[in-house]
Amino acid sequence: MSTALPFKSLEICAGAGGLALGLESAGFSPVALVETDEKALATLFGNRPEWSLVEEDLRSFDPQDHPEAFDVDLLSAGTPRVKSLATINRSGDQAERELVTSALYLVGTVKPRAVLIENVPGLVDKEDFEDVRAEIEEELAHHGYRLFKRVLNAMDFGVAQDRKHGFFVALRESDAAGFSWPVRLSDPPPTVGHVLRESMASAGWPHAEAWSAHAERVAPTLVGGSDRRGGPDLGPERAKAIWERMGVNGGTLADAPPGPTDGWALGGERRDLPALTVKQAALLQGFPATWRIAGRKTRKYRQVGQAVPPPLAAALGRRIAAAFRDSSGDSSSAPGAV
């Protein structure tokens, strides 16, 4: 963005940029985004070439090599999904927990005004995640932050998807009094049919209007899948059944929207229904139509499915920015203001 923003952020595990994009609209300019996936980095560069990208594993990231990291208002982290104690059965799953620990270490080193950690909803309040949650709570309290935690649903903030995220927000005591969670929008969320009507009609599909009228509900949670497992589909069988009732083949992804000769008949075989494209999945995540995702289809979809919906990130970012303004009386007086 060409306009200077009032607050600075450091983002780790940046992915396809959903969290950073939403925070940008709330007034946060990233001094650096740390990510290891080359396709996600290509996505970030292709959409925001002015952003400073750091291709490095968070576990080896040293802020001493990036002095700009010490002058930020917000440390944001969309860390990979941690597994509960009940489901950890692979040594590779420990990496997700190590990244949370690394993020907490970085908090103590960088000392931002606020911290935002996003992960699975269960991390906020489920017993199976008690050990990781206790580590987060204890470390943030040790570094002098007041912690707020809550599960937020993206569909309450203008996203056409029933999608829950767990959030930990921590602020210095001088800023914490002004923080409050974003309030759900009074308008109902947009539907799949409303969001995708234009895209479904873009290649001349004659059934686009009828399909749009039928798909008048929010989507189930899009699941991007692990980088080590899974393929390009719209989630588990329960989710695919919901998609099928909306007239969508949730068992695969399409390379392009349906065309003039493609049919559409409910009650038939799933394979005869149109599938969504990656771009359409991104629209359902709340990404703007201009946001380009890099890579081949499976890699693209994983980036989209693992992202934080930008409208949800924006709503939360605005509340953090409001807390800063409340404590200072003027955003321009905040440390790190541009």
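Helices (H or I, at least four residues) and strands (E, at least two) are DSSP runs, numbered here from the N terminus. The model is a predicted one, in which local features need pLDDT of at least 70 and side-chain atom pairs count only at pLDDT 80 or more, while totals for chains, interfaces and linings use all residues. Residues are numbered from 1 along each chain as its sequence is written.

Select the sheet to begin: its 7 strands form an open sheet in the order S3-S2-S1-S4-S5-S7-S6 with mixed pairing, where two strands pair if DSSP finds at least two bridges between them. Strands S3 (53-55) and S6 (145-153) stand at the edges with a single partner strand each, so one side of each has no neighbour in the sheet.

Next, select S2 (residues 28-35), which pairs with S3 in the parallel sense over 3 bridges; Val 34 stands opposite Val 54 in S3.

Now move to the second largest pocket and select Asp 255, Thr 277, Val 278, Lys 279 and Lys 300, the closest to its centre of the 17 residues that line the pocket. A pocket is an open set of points on a 1 Å grid over the protein atoms alone, where a 1.4 Å probe fits, with protein on both sides within 12 Å along at least five of seven lines, and lining residues have an atom within 4 Å of a point. Helix H10 supplies the largest share of this pocket's lining, 3 residues.

Key. Heavy atoms only, no water.
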